[in-house]
Each structure stands twice: as C-alpha cells, then as structure tokens.
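Visitor: I am new to this structure and would like to learn how to read it. Please take me through it feature by feature.

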Amino acid sequence: MKRLLLIPIIALFTTALTYAQTGESVHDVKILTLQGDTISLPYFKEKNLLLFYADPSKPNENQDIRNYFQSHPVNSSHIASYGIINMAAAPAIPNNIIIKRAQKAVAGSQSKVYIDPKSYLPKEWHLNGAMRNGAIIAVNKEGVIDFCKIGQLDSADRSNMLSVLYKYNHE
C-alpha cells in the first residue's frame, strides 16, 4: 500500500522539476560574457526571450532542437534567443575548455552564448531541476515564464515551445 502512495508523489515531484515555474514572474539575473564581463540578461523585459540554459557535462542534451534553430534561426524583432552555460553544473571540466567548446559551437553564426558561473539563474528563478540539467525557457516581455522544460524535450514539449514562439512573433 505504501508503494502505491509513493508513485503519485514521485510523479508529481518529477513533473514539478521538469515544468518548473511556468506562469511565474522572474527578475533580471547577472551573468558573464565569454570574456568575463558581468552583464544583465540581454533584452530582459525589452523582448521576449528564448533561453537555452546548458549543462556542459551534457553537451548533447536537446541537440535536436538546437540543430533545428541553427537551420531555422529566430529572426524576429520580438524575440531574443541565446545560450547560457551553467558552469557550476560541471565542476570537473575546466572553465577554459567549456568556453572554447562554446566558442567553437557558435563560430560562424550569429548565436550568442553567456556564462552563469554559480547557477544564479536557477537559484533566483527557483528552477531547482536546472541546477544539474539543461533547460529551455521562454520568458515574455513582462518577465513571466511562458515555457520551461528542464532536461530533454520530447515532441510535445517542442510543439508547446514553438507555439509560445509563434505567439511571441505575432504580438
């Protein structure tokens, strides 16, 4: 009987980790450029944001959606999209190696990548599952999370995310 009660609790906890904070208001967070300069989140509350929050110890996580956006870039005056690397998620990988990989990944494109040195974004935005996983997050111009998926996207997640971007593009 105890086992049967644990299954719904575990399912609820897992769902809370993967779809954390949708509908919640968030505030600006300080991040770093690849050169180490401290900045505010680019375009926060100026444009809708599509953020790729990356765990460098899982370089292939959400590779399919990243490939999709390389061939279908977000070219909208309503949306800013960029990557943020969670350096704290991979303490065993030297920072200079992570930065070189990021520079190589965006070379020749207009993609921008920034650094979160100490998991500030998931701490400040209460995205607990993103401390050790990647996440894709859509935040509107009012600073409200419209989409958040921590971990690997499935086809339903992809459809939900693309519908949010469609909404942003047609405001």
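Visitor: Which residues of H3 are buried?

Guide: Buried means under 20% relative accessible area, exposed over 50%, and partly exposed in between, with a 1.4 Å probe and protein chains only. Helices (H or I, at least four residues) and strands (E, at least two) are DSSP runs, numbered from the N terminus. In H3, the buried residues include Ile 98, Ile 99, Ala 102 and Val 106. Seen down the helix axis, the buried residues of H3 fall within an arc of 95 degrees, so they line one face of the helix. The arc is that of the directions from the helix axis to the C-beta atoms. Lys 100 and Lys 104, on the other side of H3, are exposed.

Visitor: Why do residues three or four places apart point the same way in an α-helix?

Guide: An α-helix has 3.6 residues a turn, so residues at that spacing point the same way.

Visitor: Before we go on, what kind of model is this?

Guide: This is a predicted model, in which local features need pLDDT of at least 70 and side-chain atom pairs count only at pLDDT 80 or more, while totals for chains, interfaces and linings use all residues. Residues are numbered from 1 along each chain as its sequence is written, and side-chain values use heavy atoms, with hydrogens and water left out.

Visitor: What do the buried residues of H3 pack against?

Guide: Contact means heavy atoms within 4.5 Å. The buried residues of H3 pack against strand S4 (79–86) and strand S5 (113–116). H3 itself covers residues 95–106 and reaches 17 Å from its first C-alpha to its last, close to the 16 Å expected. The expected span is 1.5 Å times one less than the number of residues. Just after H3, Gly 108 takes a positive phi of about 80 degrees.

Visitor: How many helices and strands does the protein have?

Guide: There are five helices and seven strands. From the N terminus on, they run α-β-β-β-α-β-α-β-α-β-β-α. Of the 171 residues, 42% count as buried. Among contacts between residues at least 6 apart in sequence, 70% join residues at least 24 apart.

Visitor: Which strands pair with S6?

Guide: Two strands pair if DSSP finds at least two bridges between them. Strand S3 (residues 48–54) pairs with S6 in the antiparallel sense over five bridges, and Leu 51 stands opposite Ile 137 there. Strand S7 (residues 145–150) is also joined to S6 by five bridges and runs antiparallel to it. In S7, Cys 148 is the bridge partner of Ile 137. The hairpin of S6 and S7 has five residues between the strands, and Gly 143 in this hairpin takes a positive phi near 85 degrees.

Visitor: Are the faces of S6 covered or open, and what is buried on each side?

Guide: Both faces are covered: Ala 135, Ile 137 and Val 139 are buried on one side, and Ile 136 and Ala 138 on the other. Five of the five residues of S6 (residues 135–139) are buried, so the strand is largely enclosed by the rest of the structure.

Visitor: Where do nonpolar side chains tend to be?

Guide: In soluble globular proteins, they tend to be buried together. A nonpolar core is a set of buried Ala, Val, Leu, Ile, Met, Phe, Trp, Tyr and Cys residues joined through side-chain atoms within 4.5 Å. The largest one here has 22 residues, and those with the most contacts inside it are Leu 41, Leu 121, Trp 125, Leu 127 and Ile 137. S3, S4, helix H4 (120–125), S6 and S7 each supply at least two residues of this core. A second, separate core of 13 residues includes Phe 52, Ile 79, Phe 147 and Met 161.

Visitor: Is Asn 86 buried or exposed?

Guide: Asn 86, in strand S4, has 0% relative accessibility and counts as buried.

Visitor: Which polar contacts does the side chain of Asn 86 make?

Guide: A polar contact is a pair of N or O atoms within 3.5 Å; within protein, one must be able to donate a hydrogen and the other to accept it, and residues adjacent in sequence count only if both atoms are side-chain atoms. The side chain of Asn 86 reaches the backbone oxygen of Ala 130 at 3.5 Å and that of Met 131 at 3.3 Å. A polar contact of 2.9 Å joins the side chains of Asn 86 and Ser 119. Ser 119 lies in the loop between S5 and H4 and is buried, with a relative accessible area of 5%.
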